[in-house]
Amino acid sequence: LHPYISKGYTAGKAYATAHSWQLPQIVIVDVKPPFWANTCSKLCEALENFFCLACSLAGPCRIPLLSLYVVQNQHECLLPFVQVKGSFPRLQTCISELRSLPREGSFQQKGDRVMQAVQDGLQQFKQYTRHMLAGGSVNSSVEVSRVLGR
């Protein structure tokens, strides 16, 4: 039995309870050539489909906050923390920026850019939660996912 499902809940209620509380997400897209050329269009299409679905679902938001970083020769925050629900135009703009990244070229590995992006994202999250704590309770945990362009 799923930990959020107990005998007193209906399946729909249990599903809503289990999935309405998700951690804020930091997504780091690693776009190292030559792999990015092969995966860019597929990843961007998958993200667009996912965001379209996530933004249009009725009920509580499944992904409360999302931030997206891209790592090339340096890391860059393409999307500072944003609430996913109701933000599809902003998410589409972010995906367009991903699509416009160079698919070929040289990549100079200087330091661990992914780790720098993680640290930057965590710092951004700390600032966001400090700002939001004045208005109520905010989850103090965040999930970091790395997407490889391979």
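This is a predicted model: local features need pLDDT of at least 70, side-chain atom pairs count only at pLDDT 80 or more; totals for chains, interfaces and linings use all residues.
Student: In what order do the helices and strands of the protein chain run from the N terminus on?
Tutor: The protein chain has 4 helices and 4 strands, and its 150 residues include a buried share of 31%. Among contacts between residues at least 6 apart in sequence, 73% join residues at least 24 apart. Read from the N terminus on, the order of the elements is α-β-α-β-β-α-α-β.

Student: Which element gives the most residues to the largest nonpolar core?
Tutor: The largest nonpolar core has 24 residues, and those with the most contacts inside it are Val29, Trp36, Leu68, Leu91 and Leu98. At least two residues of this core come from each of strand E1 (25-30), helix H2 (35-56), strand E2 (66-71), strand E3 (75-82) and helix H3 (88-99). The element that gives the most, with 8 residues, is H2.

Student: At which residue does H2 bend, and by about how many degrees?
Tutor: The 22 residues of H2 reach 31 Å from the first C-alpha to the last, which is close to the 32 Å expected at 1.5 Å a residue. The buried residues of this helix include Trp36, Leu43, Leu47 and Phe51, and what covers the buried residues of H2 includes E1, E2, H3 and strand E4 (143-148). The bend in H2 is placed at serine 41 and comes to about 30 degrees.

Student: Is the pair of rings of phenylalanine 81 and phenylalanine 125 stacked, edge-to-face or tilted?
Tutor: Phenylalanine 81 lies in strand E3 and phenylalanine 125 in helix H4, 44 residues apart, so that the pair links distant parts of the chain. Phenylalanine 81 counts as buried at 9% relative accessibility, and phenylalanine 125 is buried at 4%. Their ring centres are 5.4 Å apart; because the planes meet at 55 degrees, the pair is tilted.

Student: Which residues form one aromatic cluster with Phe81?
Tutor: The count of aromatic pairs comes to 3, and one of these pairs joins phenylalanine 81 to phenylalanine 125. The aromatic cluster that holds Phe81 is formed with Phe125 and Tyr128.

Student: Is glutamine 124 buried or exposed?
Tutor: Glutamine 124 lies in helix H4 (residues 113-133), and, leaving aside its neighbours within four places in sequence, glutamine 124 is in contact with Ser67, Tyr69, Cys77, Pro80 and Phe81. The relative accessible area of glutamine 124 is 17%, and because the limit for this class is under 20%, the residue counts as buried.

Student: What distance separates the C-alpha atoms of proline 102 and valine 31?
Tutor: Proline 102 is found in the loop between H3 and H4 and is partly exposed, with a relative accessible area of 46%. Beyond its neighbours within four places in sequence, proline 102 is in contact with Trp36 and Gln72. Proline 102 and valine 31 are 71 residues apart along the chain, and their C-alpha atoms are separated by 8.9 Å.

Methods. Residues are numbered from 1 along each chain as its sequence is written. Side-chain values use heavy atoms; hydrogens and water are left out. Buried means under 20% relative accessible area, exposed over 50%, partly exposed in between (1.4 Å probe, protein chains only). Contact means heavy atoms within 4.5 Å. A nonpolar core is a set of buried Ala, Val, Leu, Ile, Met, Phe, Trp, Tyr and Cys residues joined through side-chain atoms within 4.5 Å. The expected span of a helix is 1.5 Å times one less than its number of residues. The bend at a residue is the angle between axes fitted to the seven residues ending there and the seven starting there. Rings of Phe, Tyr and Trp (its six-membered ring) pair if their centres lie within 6.5 Å; planes under 30 degrees apart count as stacked, over 60 as edge-to-face and the rest as tilted.
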